[in-house]
Structure formats: C-alpha cells, structure tokens
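Here are my notes on this model, point by point. Please keep the structure open while reading.

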Amino acid sequence: MSLKKYKMYINGEWVESESGEYFPSYNPATGEAWCEVAKGTEEDVNRAVQAAHEAFQNSEWAEMTYTERGKLVHKLGELISQNIEKLAEFETRDNGKLLREMRGQLTYLPEFFYYYAGLADKIHGQTMPIDKKDIFAFTTREPLGVVAAITPWNSPLYLTTIKLAPALVAGNTIVIKPSEMTSASLLELMKYVEEAGFPKGVVNVVTGFGMPVGNTLTAHPLVRRVAFTGGSESARHVVRNTAENFAQVSLELGGKSPNIVFEDADPESAAMGIIAGIFGASGQSCVAGSRALLHVDIYDQVLEKLVERVEQIKIGDPLLDDTEMGPLATEAQLERVKEYVGIGQAEGGKIVIGGKTPENTDAGWYFEPTIIELIDHDARIAQEEIFGPVLSIIPFKDEEEAIALANGTEYALATGIWTRDVARAHRVAKAVHAGIIWVNTYRSISPLMPIGGSRLSGHGRESGFDAIYEYTQSKAVWINTSSEPMPDPFIMR
C-alpha cells in the first residue's frame, strides 16, 4: 500500500525538497509508517526564508493595516473550527494522543486566533511627558521581520498556534520547522492558511531534521526571531546558532513540575488533579506534574485515591472514544521511560503501580501509568524530566519543606498547589519558582494567560498579551515642535 506523501509549503506553493527525498512518519499506536514527508535541505530553508523576507518587505502583507491582518488571523481560526475532526485525527495518527483529547484541544484552539485577531489593532506605543521644551516624544511597536518557529512532537498544532497567531497579528512573516516525527497535522493546517487568503510567503513550512533544516533556519542571517519549544539540549544548539544572526530567542522547554498537596486539601480533588497533570497526554507535556509532594497527614489518603483511579485507566487505541491513555509518541521515548523507571528502582524507589509495558497491547509504544514512592528527593527520577507517564511521590512535613522541595530542581515551569487556605495559597505561590501556578486545578489554559518558565525551563513568554511584546520591537520617535533653529549642539542636553 502506497503511503500518503506530504510536500513542503513555501511561498504559497506545495513543493518537493531540493533533494526530492521523503522520510516516513510512524503511527505510535501500531509502530507502522502511515505517511511520508519531504526531507528538507539547506537550499529549501534558504528559499523559504527568502520568501518570508520578501513578503515582509515588499508584498501586500507589508501594506496591510493591523486590522486587515487581524481579519485574516480570525478567518484562519474559523477554518480550524470547521475542520476539528479532520485535524484531530491527523494529530492522533501522528503522535498518539487521544482523539477525544485532540477534539477538545482543537475545539478551543480557534479561541487563540480570535483573541490575537482582536488584539491586532491594539498594538500601540505611548506618548512620553519628556522634560524638554518643544519636544513631542512617543513610541511605537513594530514587527521584527522573519520569525523561525521550531515546534516539538507532543502538541504540534497547539504549540504552533501560540507562536503563529501573535507573530502574524504583529505583522511578521514566519518559517515553521515542525518535528520530523509529527509534521502531518501542521502541513494539513497550511491548507487552511492558504484558504484564509494569506499572501504568498507569509507562512512557510520546511520539514526535515535538525541537521540541516533546524540548524540552517536558526542561524539564517535574515531571521530576526527564533521561537523554540523542545528539549534543553536542542535549545543549546539554537542559542549557539543565534550567535551568528543575533536573532531574539524565546525558549519554552521542559519541567519537573510539582503538585503540592497540603493537609487541608480535598484528597479526591487533589488526586484527580495529579492524575490529569501527569497521565494526560501520557505524560508528554512540558507542564506535566511529574512530582507529587504530599503532606504526611494526608499522604496515605491521596495515594490510595491515586492508585484506585490509576487501576481503572483504560489503555488502548487513541482513536477510540473510551480509551483514556494512548501510546508514547516514539519508540525512543518508550525506551527512555523504561530506562528511567529502572533508574528509579535502582535508587531505592518503590513502584506502587505500573512500571512496565501493558500486557493487552500487541503493537505500538505503550507504557503503563506508573507511580513510584521516593524518600530521596535528590534521586535522578525526581530531578530529571522523563516526559512520560511516571509520577514520583515524596512526603513533606510542613510548608517550609514543601517550598524547598518544590524549588529543589533546575526547572521552573509550573506548580500545582492544593489547599483550602487562601493565605497559604498566596504565600506558596509567591515563594515557588515557576512561571505558571495553578491552585486547586492543573493544566488549565487560556489565550489570555502567558506561558513560560525560567532556569532550565527556558525564558520568554508565549500566549497572552505578553506574546505581542515577544514579536514586536519598540521605536522611539522625537519631534522638535519649535519653529526656532536648533540650539548650539555643544550646550544641548
């Protein structure tokens, strides 16, 4: 059976790579190839960036008002909303996420386009009360130019959207390099970019591998900004590459995020929040709550409820609506999870439930939802990101210890706090090092709220109005309103 072939999208056209080569993409539920994707080259990157540069400088896009750009972005959101089922199935086939989860995510995804479309004509500067006579001073915010977006395999459409929408309404053009493991859903999205009416060259996609596509793109002299989501090692390559072009960089990396459960928390709600945080998307989320810090007084209650619910999780085909957890996205990721579970046991961790591949799956890259009790918080399994369905549980005695444990890794992305004490919630939220704090909830998102972290979790912000600042630059304008000649330059101040 011949596989579906995907070309690249460059300058408003569907094109093959310069090499004419393709590479397979695999269905995680079966382990079999289901489509082929064009294998990009350095030359492909060059022509995509050049097309984006020309569109930014000389096309009708450059002449559009912010309001006109906003209407195009809104139209793209509408087209996504009309094709939810189709896009959801492509993403599920490519990365193994539950179809019902993808339906939910894609139902909400257009809201990001609508939100940024609404911001398009609200990107403005300020007038300044300068302490100089006869000077009128103001600032404006302007687009940067060509943006390079590097997106990962775990949530291609969502993690592209939070780059694409603000970049476009700000007036930039963009070249996207999706993960070589999950390119199909993003290429399907380009059909709606085309239908929405974006001018040629405004949005481009070059598929392929980090070498040469990612390397060439992030170091390209015409790229003014790199928006990267992925792992810390790849991020280091991106940062080194941007030393060549001095492009601005935002890095949305990983985490080792804790859920802190205090003794006054509702055990049922806390357990459900922990499960959603770590076993949703099979643990393949940057904000996965992979550490559960449980107060000693409530430890047994919460653990009992966790085990009770985990025992009921149905693992299977992600295309079926009754499946609750699907496969890992790649075979390499499955092996990584297995390795870390072994490391955790060697370090003295006790497997409470899970810890192996399920017996009822004949094919695909599945792993059981796993809970490991730890005594030593310095264990690697509590310090290093696994990116899989593995939860480390650690007890604490008081608020001070909980904060110390929460801050006790090199990551600082997200934290869940479970308590009925409002004052405590505020204290802990302030003390914990994280860019996102959830109190009595987890994994809630909104286009209005920023996303990002610090330390090994990266820097910069996506989503919310903060993203507009990431894709624009400030220009200061000074106007002399006096009819008098310029004063002596040697006595000016």
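1. A nonpolar core here is a set of buried Ala, Val, Leu, Ile, Met, Phe, Trp, Tyr and Cys residues joined through side-chain atoms within 4.5 Å. The model is predicted. Its largest nonpolar core holds 96 residues, and Leu76, Phe198 and Ile371 touch the most other members. Helix H5 (residues 99-119) gives the most to this core, namely 10 residues. At least three core residues come from each of domain 1 (2-252 + 452-475) and domain 2 (256-437).

2. Look next at Ile371. Setting aside residues up to four places away in sequence, Ile371 touches Phe279, Leu303, Leu306, Val307, Val310, Lys350, Ile351, Val352, Ile353, Leu391 and Ile393. Another core, of 27 residues, lies apart from the one above; Val341, Ile394, Leu405 and Ile417 are among its members.

3. Asp94 deserves a check. It lies in helix H4 (residues 84-95). Asp94 is buried yet has no salt bridge. The nearest side chain of opposite charge belongs to Arg93, 9.3 Å away. What does the side chain of Asp94 join in a polar contact of 2.6 Å? The partner is the side chain of Ser25. Beyond residues up to four places away in sequence, Asp94 touches Ser25, Tyr26, Pro28, Trp34, Met181, Thr182, Ser183, Ala184 and Ser185.

4. Now the backbone. Most residues other than glycine have a negative phi, and most peptide bonds are trans. The bond between Met211 and Pro212 is cis, with omega about 10 degrees. Pro212 sits in helix H8 (residues 210-219).

5. Asp134 has a positive phi of about 65 degrees. Its place is the loop between strand S6 (127-128) and strand S7 (135-143). Ser282 has a positive phi of about 55 degrees. Ser282 is found in the loop between helix H10 (267-279) and strand S14 (291-295). Are these sites buried or exposed? Asp134 counts as partly exposed because its relative accessibility is 33%. Ser282 has a relative accessible area of 5%, so it counts as buried.

6. Thr218 is also in helix H8. Its relative accessible area is 2%, so Thr218 is buried. The side chain of Thr218 reaches the backbone oxygen of Gly214 at 2.9 Å. Leaving aside neighbours within four places in sequence, Thr218 is in contact with Ile150, Val226, Val238, Asn241, Thr242 and Asn245. Leu320 is 102 residues from Thr218 in sequence and 39 Å from it in space, C-alpha to C-alpha.

7. On charge pairing, the count comes to 26 salt bridges. One of them joins Arg443 and Glu101 (3.4 Å, N to O). This pair links distant parts of the chain, 342 residues apart: Arg443 in the loop between strand S20 (436-439) and strand S21 (454-455), Glu101 in helix H5. Arg443 is partly exposed because its relative accessible area is 28%.

8. Lys475 and Glu142 also meet in a salt bridge (3.1 Å, N to O). Lys475 is in strand S23 (residues 472-480) and Glu142 in strand S7, 333 residues apart. Lys475, at 39% relative accessibility, counts as partly exposed. Glu142, at 27%, counts as partly exposed too.

9. Lys314 forms a salt bridge with Asp322, the closest N and O atoms being 2.5 Å apart. A network of salt bridges links Glu263, Asp264, Glu399, Arg424 and Arg427.

Terms used. Residues numbered from 1 in each chain as written. Predicted model: local features only at pLDDT ≥ 70, side-chain atom pairs only at ≥ 80, totals over all residues. Heavy atoms only, no water. Buried < 20%, exposed > 50% of the residue type's maximum accessible area, 1.4 Å probe, protein only. Helix = DSSP H or I, 4+ residues; strand = E, 2+ residues; numbered from the N terminus. Domains from an automatic or database assignment. Contact = heavy atoms within 4.5 Å. Lys, Arg positive; Asp, Glu negative; His and termini not counted. Salt bridge = Lys/Arg side-chain N within 4 Å of Asp/Glu carboxyl O. Polar contact = N/O pair within 3.5 Å; in protein donor to acceptor, adjacent residues only side chain to side chain.
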